[in-house]
Amino acid sequence: MNSRGILIAGNWKMNNGPAATGKFFSELKERAAQAMPGESLELFRNGKLKACIIPPYLSLSRALEAAKMLSFPVEIAAQNAHWEKSGAFTGEVSGQLLAELGLSWVLTGHSERRQFFGDTDETVRKRTESLLTQNFKVIACIGETRAEREAGQTEQVLTRQLRGLFPSAESGASVYLDGRLVLAYEPVWAIGTGLTATPEQAEEAHRIVRRFLSEQVDTSAAEKAQVLYGGSVTPENVNSLLACPNVDGALVGGASLKPESYLALLVAGVHAAAGR
Ligand code: PEP
């Protein structure tokens, strides 16, 4: 039993343009009317369950509008944001621009940003810190590569990435306590590969995260921090992952693209949240 609740977040990456986004939400609405368990509304209302979709920038407006038609709340998040509020940064998007659109959630540090677009612990920290200062809720991703896991460096890598996010206890505790910073443990070797971490591997990594928070930030922050698992989560394996006491939800790529599978993940979230 804990008070953290469950968050089911769908990262669409570079998929689902505005038209596909509109279709996704209409179908989600229809399917949810049939398949969403009755107790879900109460769980959403008391904050024990949260849903989030992270579309590409071009689809954000459509998603914000379409989500309003649902009978349950779905937060809409951006996939990244620059740390500066405005300026000469061609191709970038700032928190200020996202706020103008009506957004209050952003993802940072996804391994695809780190691998392909030069994000480092330092730029992830700058993005995360700037967004939190601007009152965004942030889902910050951490996770080891296959080579790092095989070299026995998982704890070391997670610790380095976490330390990078918040170098000092003073700046760190409140954002975990008030739920504005959610962490997502995403082993790089499990993303988009079909190689999900076993529940034991996920639980072990989440314990490392919580131990770090307890030792380096604050014990109540460690207890309160929501830590998601991401990496080839599907409707078939989600229940066993959400059954882990330190796993507080899922960050899902491929299986969040279609309304039927995202809904199946949400229904699993309802059951897990009801049991906490
Ligand atoms: C992700 O994009 O964060 C992710 C976990 O992708 P997938 O579920 O497809 O592995």
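This is a predicted model: local features need pLDDT of at least 70, side-chain atom pairs count only at pLDDT 80 or more; totals for chains, interfaces and linings use all residues.
Eight of them, in the order β1-β2-β3-β4-β5-β6-β7-β8, make up a closed barrel with parallel pairing. On average, and with direction ignored, neighbouring strands of this sheet are turned by 25 degrees against each other. One of the pairings can be followed in detail: strand β1, residues 6-11, runs parallel to strand β2, residues 49-54, and six bridges join the two. Within this pairing, G10 has I53 of β2 opposite. A helix also belongs to this part of the picture. Helix α13, formed by residues 259-274, lies across β1, β2 and β8 (249-252), and runs at about 165 degrees to β1.

The aromatic rings come next. A pair of aromatic rings is described by the distance of the centres and the angle of the planes. Seven aromatic pairs are found in the structure. In one of them, the ring centres of F24 and F25 are 5.3 Å apart and the planes stand at 75 degrees, so this pair is edge-to-face. Both F24 and F25 are buried. The pair of F44 and F72, in turn, is stacked, with 5.4 Å from centre to centre and 20 degrees between the planes. This pair links distant parts of the chain, 28 residues apart: F44 sits in helix α2 (residues 40-45), while F72 sits in the loop between α3 (60-67) and β3 (75-78). Finally, W12, F24, F25 and Y262 are linked into a cluster by ring pairs.

Notes
Residues are numbered from 1 along each chain as its sequence is written. Side-chain values use heavy atoms; hydrogens and water are left out. Two strands pair if DSSP finds at least two bridges between them. Helices (H or I, at least four residues) and strands (E, at least two) are DSSP runs, numbered from the N terminus. Axes are lines fitted to C-alpha atoms, for helices over the stretch in contact, and angles run from 0 to 180 degrees between N-to-C directions. Contact means heavy atoms within 4.5 Å. Rings of Phe, Tyr and Trp (its six-membered ring) pair if their centres lie within 6.5 Å; planes under 30 degrees apart count as stacked, over 60 as edge-to-face and the rest as tilted. Buried means under 20% relative accessible area, exposed over 50%, partly exposed in between (1.4 Å probe, protein chains only).
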